[in-house]
Amino acid sequence: MKKVILVLVCVITAFSLVYAGSFQYIGASKCKMCHKGEKKGMVFEKWEQSAHAKAFESLKAKGEDKNPKCLECHVTGFNAGGYKVGDANAASLEGVQCEACHGPGSAYKSLSIMKDKKMAMENGLIDPNEA
C-alpha cells in the first residue's frame, strides 16, 4: 500500500511540474479564502489538521528541514518554482499543501475562474482524480 501511495505522489508531482510552466505557487492561505467552512465541507480545516499540513514540522523535529531529499515530499513546489530554503515566502509553502496535487494556483485562484472547471484546468488546475 505504501508503494502505491508513493507512486501516486510521484505521478501527481510529475503532472504538477509539467503543468507548472508559468504558473506560480500561492500557498494554502490563499486557497483557504474559498475552501473553508461548513458550506465548503470544512476542506481547509480538515487539511490543516492532517499529516500533510504538518509534514514540514516532522522534518524540523528530525533536523532534516534543509535536506533536499526530504523537502521534495514535505513542502509544496520544491525545485519547481515553489518552496526554496531561505526564501522570504518559504513558510507559506511548508507542508504538503493544496497545490502539491492541484498545481500552482496563481492563474486559477480567482472565483470567476474556479466556478468554471474547464477554465480552471486551462489555467493550471489539476484534478488528481483525472490525472
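**Reading the features one by one**

Tutor: Start with a charged pair. Glu-130 and Lys-117 make a salt bridge, with their closest N and O atoms 3.0 Å apart. This pair links distant parts of the chain: Lys-117 sits in helix 8, Glu-130 in the segment after helix 8, 13 residues apart. Keep in mind that this is a predicted model.

Student: What brings such side chains together?

Tutor: Side chains of opposite charge can pair when their charged atoms come close. Now look for shared partners. Salt bridges that share partners join Lys-117, Asp-127 and Glu-130 into one network.

Student: How far apart are the closest N and O atoms of Lys-117 and Asp-127?

Tutor: They are 2.6 Å apart, in a salt bridge. Lys-117 belongs to helix 8 (residues 117–122) and Asp-127 to the segment after helix 8, so this pair ties together parts 10 residues apart in sequence.

Student: Is Asp-127 buried or exposed?

Tutor: Compare its relative accessible area with the cut-off: under 20% counts as buried. Asp-127 has 15%, so Asp-127 is buried. Lys-117 has 38%, so Lys-117 is partly exposed.

Student: How many salt bridges does the structure hold?

Tutor: It holds 4. One of them joins the side chains of Asp-65 and Lys-66, at 3.9 Å from N to O. Check the cover on each partner. Asp-65 is buried, at 19%. Lys-66 is exposed, at 59%.

Student: Now the whole chain. What secondary structure does it have?

Tutor: Count the helices and strands. There are 8 helices and 0 strands. Along the sequence the pattern reads α-α-α-α-α-α-α-α. Of the 131 residues, 31% are buried. The accessible surface comes to about 8400 Å², and 59% of that belongs to carbon and sulfur atoms.

Student: How do I read the contacts over the whole chain?

Tutor: Ask how far apart the partners are in sequence. Take contacts between residues at least 6 apart: 46% of these join residues at least 24 apart.

Student: What should I look for in the interior?

Tutor: In soluble globular proteins, nonpolar side chains tend to be buried together. Here the largest nonpolar core has 10 residues, including Phe-56, Leu-59, Leu-71, Phe-78 and Tyr-83. Follow one member, Leu-71. Beyond its neighbours up to four places away in sequence, Leu-71 touches Phe-56, Leu-59, Asp-65, Lys-66, Phe-78, Tyr-83 and Val-85.

Student: Where is His-74?

Tutor: His-74 is in helix 5 (residues 68–74). With a relative accessible area of 23%, His-74 counts as partly exposed. A polar atom of its side chain lies 2.8 Å from the backbone oxygen of Ala-55. Then compare sequence with space. His-74 and Leu-59 are 15 residues apart in sequence, yet 7.6 Å apart in space, C-alpha to C-alpha. Leaving aside neighbours within four places, the contacts of His-74 include Leu-59, Glu-94 and Gly-95.

Student: Is Thr-76 buried or exposed?

Tutor: Thr-76 is buried, because its relative accessible area is 0%. Find it in the loop between helix 5 and helix 6 (98–102).

Student: Which backbone oxygen does the side chain of Thr-76 reach?

Tutor: That of Gly-95, at 2.8 Å. Leaving out residues up to four places away in sequence, Thr-76 also touches others, among them Tyr-25, Tyr-83 and Leu-93.

Definitions and conventions. Residues numbered from 1 in each chain as written. Predicted model: local features only at pLDDT ≥ 70, side-chain atom pairs only at ≥ 80, totals over all residues. Heavy atoms only, no water. Helix = DSSP H or I, 4+ residues; strand = E, 2+ residues; numbered from the N terminus. Buried < 20%, exposed > 50% of the residue type's maximum accessible area, 1.4 Å probe, protein only. Contact = heavy atoms within 4.5 Å. Polar contact = N/O pair within 3.5 Å; in protein donor to acceptor, adjacent residues only side chain to side chain. Areas by Shrake-Rupley, 256 points an atom, 1.4 Å probe, with all protein chains shown as cover. Core = buried A, V, L, I, M, F, W, Y, C linked by side-chain atoms within 4.5 Å.
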